[in-house]
Amino acid sequence: MALSGNKGEWSEIYALFKLLGEGKVHAGDANMNKLSLYYPIINIIREESKKYEYKPNIEQNIVVIDENGTEYARLSMDKFILESNQLLKDISKAKGAAFSIPRTETFMKTIGCSKIKAPSYDKSDIHIIIHDLRTSMKPLLGFSIKSQLGTPSTLLNAGKTTNITYRVVGSSLTENDIKNINAIEDHLSRMQAILDKGCNLEYYDIDNSTFKNNLLFLDSCMPQFIADCLTIDSMPNSTSTIRNAVEMIAKKNPFNFTGSDIVAFYAHKMKILLLDAALGMTPAKEWTGQYDANGGYLVVRKDGEIVCYHFYNRNDVEDYLYNNTRFERASRNRYGFGSLYREGTNICLKLNLQIRFKK
């Protein structure tokens, strides 16, 4: 049976081919431009039903070693470049949610790959031993691969675990007001109707206790801060970008920061959340700060170039996430948010947190 995958999944195979063909990966800046800094690749390890190691050598070959330490194959690095270039063309022109690429599948078999996506129990998509020329260290690191060739992926997934409850404050609403507002289908129009009634949203609580504790683990102000950012995203003039929401919060300065750079204060809080979500934190599981993708991120750009955000360069990783993510509204029906309801003497409304890459 032919292998089938979407553009993001085939991008993992593309990254494997291209990295082995080039024997190095360049660092990227906050806007995904390649920097002069690069990391030579010592080894790539891939585990499927069996474990294979891919080692560039001084003869410009890739030596494939199986789990018994036996040489399985030996191919020129130029062959990997050739196959990666063809695969990029095939991914780019492919149609449909999932598709097969027979030529690539044939080549995969010659190097011990039987699956498009290697099984993973963490957020790492590929494991690489790199040579950090600045520190002379050669660590084995797990990287998460993000591709611009397909649909932008999520950074933090929505669920009922990411619902946040607000009180509706300001003018009082009648039962008829509540009914009419809830009947409005479009979320932003519904929020505008609430504003038009002279009301605002006031943070009340994070619905899921585990997610709330995870946010508190990052920063004692994080629940309130994220709740405030979501209200910005729910305003009719919202651009949904993370950066814009943070800058709007900084203008309000709800935590009364008196330093010289108020935007940096609030941006730092957001970067903490983005980084931890990128490298292991999920809403429904208790977070202890132990990163899964301990290497960082590899980004496959639309032009096929790959840039690396190495966790050793933490500021670069944070800036990339901060500049390239946005809030996204998930299904209102699925997660039960966006409707006004009474709870005791209060009128409440839930908003839902989901963060996705912009491109």
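A residue is called buried under 20% relative accessible area, exposed over 50%, and partly exposed in between, with a 1.4 Å probe and protein chains only. The model is predicted, so local features need pLDDT of at least 70, side-chain atom pairs count only at pLDDT 80 or more, and totals for chains, interfaces and linings use all residues. Residues are numbered from 1 along each chain as its sequence is written, and side-chain values use heavy atoms, leaving out hydrogens and water.

**Exercise 1. Classify Cys-221, Cys-348 and Lys-251 by accessibility.**

Solution. 
Step 1. Cys-221 has 24% relative accessibility and therefore counts as partly exposed.
Step 2. Cys-348, at 2%, is buried.
Step 3. Lys-251, at 72%, is exposed. Lys-251 lies in helix H8 (residues 242-252); helices here are DSSP runs of H or I with at least four residues, strands are E runs of at least two, and both are numbered from the N terminus.
Step 4. For the protein as a whole, buried residues make up 53% of the 359 residues.

**Exercise 2. Determine how many disulfides the protein has.**

Solution. 
Step 1. The rule asks for a pair of cysteine sulfur atoms within 2.5 Å.
Step 2. For Cys-221, the closest cysteine sulfur belongs to Cys-229 and is 12 Å away, which is too far for a bond.
Step 3. For Cys-348, the nearest cysteine sulfur is that of Cys-199, at 12 Å, and Cys-348 is in no disulfide.
Step 4. The count by this rule is zero disulfides.

**Exercise 3. Describe how helix H9 (residues 262-279) is placed against helix H7 (residues 222-233).**

Solution. 
Step 1. Axes are lines fitted to C-alpha atoms, for helices over the stretch in contact, and angles between N-to-C directions run from 0 to 180 degrees. The axes of H7 and H9 come within 11 Å and cross at roughly 100 degrees.
Step 2. Angles under 35 degrees count as roughly parallel, over 145 as roughly antiparallel, 65 to 115 as roughly perpendicular, and the rest as oblique. H7 and H9 are therefore roughly perpendicular to each other.
Step 3. Contact means heavy atoms within 4.5 Å. On the H7 side, Met-222, Phe-225, Ile-226 and Cys-229 take part, and they meet Tyr-266, Lys-269, Met-270, Ile-272 and Leu-273 of H9.
Step 4. Ala, Val, Leu, Ile, Met, Phe, Trp, Tyr, Cys and Pro count as nonpolar, Asp, Glu, Lys and Arg as charged, and the others, Gly among them, as polar.

**Exercise 4. Repeat the analysis for H9 and helix H10 (residues 314-323).**

Solution. 
Step 1. The axes of H9 and H10 are 9 Å apart, and the helices pack at an angle of about 95 degrees.
Step 2. H9 and H10 are therefore roughly perpendicular to each other.
Step 3. The contact includes Ala-267, Met-270 and Lys-271 of H9, together with Arg-314, Val-317 and Glu-318 of H10, among others.
Step 4. By class, the contact of H9 with H10 has eight nonpolar, no polar and four charged residues.
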